[in-house]
Amino acid sequence: MSTKSIWKQTNRIVLFWDYQDHAQMRAFVKAVDHFLALKKFSHALVVVSVPKELDKKNLPPHFLIYYNSPADYSMFGKLKDVQLEAELHKNYDLLIWNGSLQTKFFPLLQQTKIRRRLLLNAEHPHFDLQIASAQTEAAAQLQYIHLTLEKIAQ
């Protein structure tokens, strides 16, 4: 049995976050950059769930972030974004989910090979780890997740 922490074993990561407002999104983009700089991941996928009526062109651009809305799915529930669809066929070490489980994106991730799934501030049987955090800002939440995963040895 390895004694390396989950954090140290994570090389490929998926972050899923819900959009709240523009200020939260700007802070989230900054927090993601800092979080990803803590460890040089070989691959990172960041998906932000946004409302259908929101114009994604007004959101802060970022080369790692996919803004995903209900409008990004066909009538039959198929993802229209070919590039994001290709990302979902890759293997990942860790998923960090902070958002609604009622999104159309959630079932897609059930088909993606992910070694560990972490859910923040909620409970669901499809997640291996469920962490509660009193923090409300993305930077503080990500810092808390980082420190917690450093302490959990696998």
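The model is predicted, so local features need pLDDT of at least 70 and side-chain atom pairs count only at pLDDT 80 or more, while totals for chains, interfaces and linings use all residues. Residues are numbered from 1 along each chain as its sequence is written, and side-chain values use heavy atoms, with hydrogens and water left out.

Start with the sheet: six strands, open, parallel in pairing, running β3-β2-β1-β4-β5-β6. Strands here are DSSP runs of E with at least two residues, helices are runs of H or I with at least four, and both are numbered from the N terminus; two strands pair if DSSP finds at least two bridges between them. At the edges sit β3 and β6 (129–131), each pairing on one side only. Ignoring direction, neighbouring strands are turned by 20° against each other on average, with axes fitted as lines to C-alpha atoms (for helices, over the stretch in contact) and angles running from 0 to 180 degrees between N-to-C directions.

Helix α2 (residues 22–38) packs on this sheet and touches β1, β2, β3 and β4, contact being heavy atoms within 4.5 Å. Its direction makes about 165° with that of β1.

Now hop to Asp72, in the loop between β3 (65–68) and α3 (82–87). Asp72 is buried at 15% relative accessible area (buried is under 20%, exposed over 50%, partly exposed in between; 1.4 Å probe, protein chains only). Not counting residues up to four places away in sequence, Asp72 touches residues including Lys56 and Tyr67.
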